[in-house]
Amino acid sequence: MKGKKWRELRNILSPAFTGSKMRAIFVLISEAAKEFAKYFENQNLDVCELEMKETYSKYTNDVIATCAFGIKSNSLEDPTNEFFTMGRAITSTSLSGRLKALLLIFFPKFFKILKLPAVPVKVTSFFKTIITGTIALREKENIIRPDLIHLMIEAKKGKLFHDIQQTKDTGFATVEEIKDSRSIATLELTDDVITAQALIFFLAGFETSSSLLSFVSYELAKCPDIQYRLIREVDDNTSKEGITYENISKMKYLDQVVSEALRKWTAGYALSRVCTKDYTIPPKNEDEVPLKLTRGCYVMIPIIGIHHDPKYFKNPDIFDPERFSDENKKKIVPGSFMPFGSGPRNCIGSRFALLEIKALLVSMLTKFEFRFIEKTKIPLTFTKTFNMNVKGGIWLGLKKRENKQVR
Ligand code: HEM
Ligand SMILES: *[C@@H]1O[C@H](CO)[C@@H](O)[C@H](O)[C@H]1NC(C)=O
């Protein structure tokens, strides 16, 4: 969606992703994280050897299934569950899938004129059946579950409001929601619109989060000092009763590690915008020329390039969570760190993503350490695709922790 229609929808949906609602949804996220770690604990192997991206995609799938569609799935135990296979069908990186994605970006009208569906009909009708059924059941039986469907049902009734205060307790990388009082909602949240949103959350959150998780795990395995410091923090802030939202928000080092991973392994590698007004960016330095942007032109902002510019981050290829210590993060140049984008059209799910990532890391590190194994590729190299696909995958070992005490 663009323009006014987009703004309306964003205003309706954004309260679902802030403050108290995220705290409530955390219960579902942490349950999925706990079950994920438990699955490997039950394998009773000294070291589990896994391709992390694929493995984590089962977690991010289950999290979206429970939070956005109201469905509990366990894709580790049952990788053939319909939800997971349908999800794969829309996020597939097959050549035809990638070509289609490119065509959609550059020639959207082509799809409109030929009435071609962006997502296979089989897939949309599957998800639509789930959502419509769930909404009907909830309305009939008055079921309340603290998930995104519930929040969208509330929004439909006009009962969803912004929290007055926006907190950053999900982490430093959290982006701010920019409220726009100009728009009065006339857009109706039909079952179709709700289904489409749930699908978007799926598409936007599935690959980005599993990819980031696999890169953090790789960096932890590579730098034992960082891993052990993080494990100590996890041990200090968790108990047998399980993890709470408060416990997560107290873990400062965890936030540093995740922020640094978001910098180095920028899943949303570029932002795209369409220019709506002619504008000339004036030169700042003597050797620069004015840059003319004309209305309608397509602008790409290469965040990953900015994140790796030594002008902003010294020795950019080194994974160093100290860049985000209390002391150092004040020195970060505004606009040089934007893993979740920038402005009104930034990532609506930044809080959700940070909680999802942190909950999983904590659950894993209470039981395991990440280790390099023979299959681990050092260094990582990428395939020539439009996402961060690592050649040969990210193979790591999950080594059971001996006891609570580490070096
Ligand atoms: C590590 C995980 C994630 C990263 C790095 C990420 C990054 C981004 C980035 C860079 C953008 C574009 C922002 C801009 O153009 O300024 C974006 C947009 C978006 N993201 Fe995320 N995202 C993540 C997870 C999620 C999750 C879990 C959800 C949903 C639950 C989500 C939902 C969205 C949506 C709906 C948009 C479009 C917003 C709009 O156009 O109004 N993202 N994300
Ligand atoms: C975790 O958070 C809960 C409150 O949500 C608190 O009672 C508990 O003491 C915390 N655990 C640790 C080990 O800090």
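Guide: Let's start at asparagine 44, in the loop between α2 (19–41) and β1 (47–51). Helices (H or I, at least four residues) and strands (E, at least two) are DSSP runs, numbered from the N terminus. Asparagine 44 has a phi near 50°, which is a positive value in a residue other than glycine. Please keep in mind that this is a predicted model: local features need pLDDT of at least 70, side-chain atom pairs count only at pLDDT 80 or more, totals for chains, interfaces and linings use all residues, and side-chain values use heavy atoms, with hydrogens and water left out. Residues are numbered from 1 along each chain as its sequence is written, while chains are lettered from A and ligands numbered from 1 in the order in which they are written.

Next, a charged pair. Glutamate 54 and lysine 58 form a salt bridge (a side-chain nitrogen of Lys or Arg within 4 Å of a carboxyl oxygen of Asp or Glu). Their closest N and O atoms are 3.9 Å apart. Because they are 4 residues apart in helix α3 (residues 52–68), about one helical turn separates glutamate 54 from lysine 58. Side chains of opposite charge can pair when their charged atoms come close. Over the whole structure, the search finds 26 salt bridges.

Now to ligand 1, whose iron atom has a single protein donor, SG of Cys347, at 2.3 Å. Donors here are N, O and S atoms within 2.8 Å of the metal (3.2 Å for Na, K and Ca); water is not among the atoms, so sites may look incomplete. Cysteine 347 belongs to the loop between α14 (326–329) and α15 (350–367). In total, 23 residues surround ligand 1 (a heavy atom within 4 Å), and Trp6, Arg10, Arg273, Arg345 and Cys347 are the closest. By class the shell has 13 nonpolar, 7 polar and 3 charged residues; Ala, Val, Leu, Ile, Met, Phe, Trp, Tyr, Cys and Pro count as nonpolar, Asp, Glu, Lys and Arg as charged, and the others, Gly among them, as polar. Arginine 10 brings a polar side-chain atom to 2.7 Å from an oxygen of ligand 1. Arginine 273 also has a polar side-chain atom 2.7 Å from an oxygen of this ligand, and for arginine 345 a side-chain N or O atom is 2.7 Å from a ligand 1 oxygen. The elements giving two or more residues to this shell are α1 (3–13), α9 (191–222), β2 (271–274) and α15. Of these, α9 gives the most, with 6 residues.

Ligand 2 has its own surroundings: Asp236, Asn237, Thr238, Thr244, Glu246 and Asn247. That shell divides into no nonpolar, 4 polar and 2 charged residues. A side-chain N or O atom of threonine 244 is 2.9 Å from an oxygen of ligand 2, glutamate 246 has a polar side-chain atom 3.1 Å from a ligand 2 oxygen, and for asparagine 247 the distance is 2.4 Å. Helices α10 (224–237) and α11 (245–250) are the elements that give two or more residues to the ligand 2 shell.

Notes:
A polar contact is a pair of N or O atoms within 3.5 Å; within protein, one must be able to donate a hydrogen and the other to accept it, and residues adjacent in sequence count only if both atoms are side-chain atoms.
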